[in-house]
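Here are some notes for a colleague who is opening this structure for the first time.

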Amino acid sequence: MSLFSKENGAVFTGPLNINNPIAVQVLGICSALAVTSQLKPAIVMGLSVTVITAFANVIISLIRKTIPNRIRIIVQLVVVAALVTIVSNILKAYVYDVSVQLSVYVGLIITNCILMGRLEAFALQNGPWESFLDGVGNGLGYAVILVIVGFVRELLGSGTLLGFTIIPSSVLMENGGLYLHNGMMTMPAMALIILACVIWAHRSINDKEK
Amino acid sequence: MAKKFKCKVCGQTFEADSMPEKCPICGAPKSEIEEVTEPSPKKKKKGFDTNGNAYTIIYASIMVILVAFLLAFVASSLKPTQDANVVNDVKNQILTSLNIESKDIEGDFNKIVKDMLIKDGELVEYDGKFQTSYSQELKDGNLHLFVATLEDGSTKYVVPMVGRGLWGGLWGYVALNDDFKTVYGTYFSHESETAGLGALIAERKFQTSFIGKKLFADDENTVALTVVKSGQAKDDINKVDGITGATLTSKGVAEMVTTGLQMYVDAYKVKASSSEVDENIPAVEDYQNIENIQKED
C-alpha cells in the first residue's frame, strides 16, 4: 500500500468531517469545556492533542503485536502518560514560556478520551503510518471544533479574539452604548450549548448530502 | 484423526490416519517418510502466547520498569535546566512588579534588586541561595524583602506574597515606594484560575491599576488597600477594581494583598520609630497562624 493511497487519505480526512471525534463520536467533551473560553488556549490545546495522539498512535501501533490483550488499556495509558510527562518536562526545560501557558492543559491531555479511543479503535489494528495519519486527523478534527467554540465564546463573552479587542468599547453599555458582553459565554455550560449547535449544524449539512 | 506426513524423497505432504508403509505419491519406503507436527512450527513463529499469564505479568513488569527508568532519567537530567528557568521566571516577575521589561533578566536583577531579610524588625542582607518560595524563612520568623535601586536612584521595596484563589494558589509581588505607603507596581499570577475570568489577574491591565494607590486610609498601622467589585473603586485611593465575573479570584487577591502587606507593615516600619520593634514579633506569628488555618481547610 502506498503512503498516500486513497484509503490513507480517507483515514486522514474522515475525522475532520464525517467521522469527527467531537461532533460525531462525541469524545473529548470534557477538555472542550475547559479550554474554550478563549481562542488561544483552544488552539494550543488542539495542537498539543494532535501531536500527542499522533505519536501515541505510532508507538502503540509499533508494539501492538506484543501487547497482552488483557492489559492493553493499561499499556495504552502508560504509553500516553509517559509521553505526556516527557513532553511536559522537555517543555519546562527548553521553552519555559510555552509550558507556563499550557500549564494544566498538558495534564488534561492524558485524560482526553480521544486518545484512548483512537488507540483502542485504530492503532491496535493498523500499521504505524496509518495510525499516524489517523492520530493527526483526529487531533485536527478535535482542534477545529475547539477553535469554533473558542471563537464564539471569546468574541461574545469578552469581545476579543486572541486577546485583541474586536467589539469596540464605545458600543458597550458602561460607556453609553447599547451592547453588553454576554457573561454566560464565559461559563463552561455555554460550551456545551455551542457544541450542541455545532453538532446540529454538522449533522444537518451531512444529512442533506446523503 | 488424520495426521500429516511428508515424504523426504518427493517433498510432497499427504494426510493419512497412521504412518503408511510407503509414500503414496512416489512409493518411497517408510523410513523416508516423517510426520509433520502442525501446531509446533506455527507456535514458534508467533513467539509467545501473548495471552498467557506469565507473559502478561512479565510484559507488565518490564514495561513498568522501563517507563520508570525513562521518566526518572528524563526528570533528573532536565531538573537543573528547569530549576534555572523557574528562578529566572521568579526574577522576571519581580522585575515586572517594578515595571521593568527586561531582556537580560539575570543581569538586570543582579544590578537592580537586592534580596534582603527582615529579621527582628531590622533589614539584613540575605546571603543564601535565591529562593523561589519563602516558607523556610517565614518559619524562622524572617521575611524576604527585595530592595530595588532604580536607574533614577530611587529606592523601591518589593513585597512577595502568597494567597488563595478560586481553584488554586495565587502569588504576587507588590512594589512600594520608599515611603512604604504608595504602590509603585505589582505582579500577580495564579496556578489555575479560570481562563478569561480569574486568569485576567495575570494581565498587565489589572496589575497596573494598582499603581499610585495608597496602602493606608487614616490609620497608619492597618493596611486598607484592597480589591473591590468591578466599577466600585471609582477614584478611591485605597481601592482597586476587581475583575468582572471573577468575584472569588478578586477576593483572593484582595485578601492576599491586604494580609501580605499587613504582615510586612507590622514586621518592618521603614519610617516608624524603632521602639516598636518588640510589638512586631507577635504579628509574624499571627500570620503563621492564619497560614496554618488556611492549610487546615
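**Notes on the predicted model**

1. In this predicted model, the place to begin is where the two chains meet, with 23 residues of chain B in contact with 26 residues of chain A. On the side of chain B that touches chain A, the residues divide into 12 nonpolar, 10 polar and 1 charged.

2. Chain A is made up of 9 helices and 2 strands, and in order from the N terminus its elements run α-α-α-α-α-α-α-α-β-β-α. Of its 210 residues, 39% count as buried, and among the contacts in chain A with a separation of 6 or more, 77% are between residues 24 or more positions apart.

3. As for confidence, chain A has a mean pLDDT of 83, with 94% of its residues at 70 or more. Among the elements of this chain, helix α8 (residues 128-158) of chain A has the highest mean, 89, whereas helix α5 (residues 96-102) of chain A has the lowest, 75. As a caution, where pLDDT is low, the predicted coordinates should not be read in detail.

4. In chain B, strand β7 (residues 155-164) deserves a look, since it is mostly covered, with 7 of its 10 residues buried. It runs antiparallel to strand β6 (residues 143-149) of chain B, to which 4 bridges join it, and B:Val147 stands opposite B:Tyr157 in β7(B). The two strands form a hairpin with 5 residues between them, and B:Gly153 in the turn has a positive phi of about 90°.

5. β7(B) is also joined by 9 bridges to strand β8 (residues 169-177) of chain B, again in an antiparallel arrangement. Here the hairpin passes through 4 residues, and B:Val162 stands opposite B:Trp171 in β8(B).

Terms used:
Residues are numbered from 1 along each chain as its sequence is written. Chains are lettered from A and ligands numbered from 1 in the order in which they are written. This is a predicted model: local features need pLDDT of at least 70, side-chain atom pairs count only at pLDDT 80 or more; totals for chains, interfaces and linings use all residues. A residue is buried if 20 or more other C-beta atoms lie within 10 Å of its own, exposed if 12 or fewer, and partly exposed in between; C-beta atoms are placed from the backbone. Two residues are in contact if their C-beta atoms, placed from the backbone, lie within 7 Å. Ala, Val, Leu, Ile, Met, Phe, Trp, Tyr, Cys and Pro count as nonpolar, Asp, Glu, Lys and Arg as charged, and the others, Gly among them, as polar. pLDDT is the predictor's confidence in each residue, from 0 to 100. Two strands pair if DSSP finds at least two bridges between them.
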